[in-house]
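Here is a short briefing to read with the model open beside you. Please have a look at the structure first.

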Amino acid sequence: MSVHKSFERTHFLSYCQSLYKADSTYDSKQVDRLNRHRHVEPESAEFLANIATITKPNKVLEIGTSTGFSTLWLAYGLRHQAQYDFISLDIDKSRSDAARQHLQNTGLSDSVRLIVQDAFIFLNSNEDVFDLVFLDAERQFYIDYIRGLHNALDVGSVLIVDNVISHRDEVSEFLAEFTNDSRYICHTLDVGAGLFMAVRQEH
């Protein structure tokens, strides 16, 4: 996909700042964590945009749209590319609909395919290879995604996972599947709540 509408950088930055503040306020009032929007930290979102700009991925997969904060930033990083395919998954239709509205409000609605589907089902029926995969979903299900993620990554593909420092114990077993796999070179980055990056080196 390509971005056809005019892009206003100042508007985008202001919009994202307001969205993050509003959703953070909303989250602070929710007793049940599953009701929270739980966006990536702003510095993590900016890092994702930088990675997208630098690597110029042709195919991007985001697992965990929520209301679209990280989705906006990934789309922002892709905005200068003529053609690409960016899929963002979430199991919650209301959150996906909110993300669609935010994309429209920032002129980026043409840049993302929002799909409402369980990530396990998507990954296990997927036959595509993605250049960039961002994972920020329910951590207890990550182990179930491993085979599908390996199949979705090839040489040069990058996997980025959020919350690996803030919730280290919850993701340690999952991350070990990549750090102990000789096909990948992995790094944990002290950005936001902690980002894990695995770059596929071998088939």
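This is a predicted model: local features need pLDDT of at least 70, side-chain atom pairs count only at pLDDT 80 or more; totals for chains, interfaces and linings use all residues.

Residues are numbered from 1 along each chain as its sequence is written, and side-chain values use heavy atoms, with hydrogens and water left out. Helices (H or I, at least four residues) and strands (E, at least two) are DSSP runs, numbered from the N terminus.

**Helix H3 and its partners**

- The axes of helix H2 (residues 42-55) and H3 cross at roughly 30° and come within 7 Å; axes here are lines fitted to C-alpha atoms, for helices over the stretch in contact, and angles run from 0 to 180 degrees between N-to-C directions.
- H2 and H3 are therefore roughly parallel (angles under 35 degrees count as roughly parallel, over 145 as roughly antiparallel, 65 to 115 as roughly perpendicular and the rest as oblique).
- The crossing of H2 and H3 is right-handed; a crossing is right-handed if the near helix is turned clockwise from the far one by less than a right angle, and left-handed if anticlockwise.
- On the H2 side the contact includes Pro-42, Ala-45 and Leu-48, and on the H3 side it includes Phe-69, Trp-73 and Leu-78; contact means heavy atoms within 4.5 Å.
- By class, the contact of H2 with H3 has 10 nonpolar, three polar and one charged residues, where Ala, Val, Leu, Ile, Met, Phe, Trp, Tyr, Cys and Pro count as nonpolar, Asp, Glu, Lys and Arg as charged, and the others, Gly among them, as polar.
- Helix H1 (residues 9-28) also meets H3, with axes that come within 10 Å and cross at roughly 160°, which means that H1 is roughly antiparallel to H3.
- H1 passes H3 in a left-handed crossing.
- Among the residues that meet are Phe-12, Leu-13 and Cys-16 in H1 and Leu-72, Trp-73 and Tyr-76 in H3; the residues of this contact divide into 10 nonpolar, no polar and one charged.

**Helices H6 and H7**

- Helix H6 (residues 142-152) packs with helix H7 (residues 168-179) at an angle of about 20°, their axes 9 Å apart, so H6 is roughly parallel to H7.
- The crossing of H6 and H7 is right-handed.
- The contact draws on residues including Ile-143, Ile-146 and Leu-149 of H6 and Val-171, Phe-174 and Phe-178 of H7; by class it has seven nonpolar, one polar and two charged residues.

- Thr-71 is found in helix H3 (residues 69-78) and is buried, with a relative accessible area of 1% (buried means under 20%, exposed over 50%, partly exposed in between, with a 1.4 Å probe and protein chains only).
- Leaving aside neighbours within four places in sequence, Thr-71 is in contact with residues including Phe-86, Leu-103 and Val-112.
- Gly-68 sits in the loop between strand E1 (59-63) and H3 and counts as buried at 1% relative accessibility.
- Not counting residues up to four places away in sequence, Gly-68 touches His-39 and Ala-99.
- The C-alpha atoms of Gly-68 and His-102 are separated by 7.0 Å, although 34 residues apart along the chain.

**Cys-186**

- Cys-186 lies in strand E6 (residues 184-189), and 7.2 Å separates its C-alpha atom from that of Phe-196.
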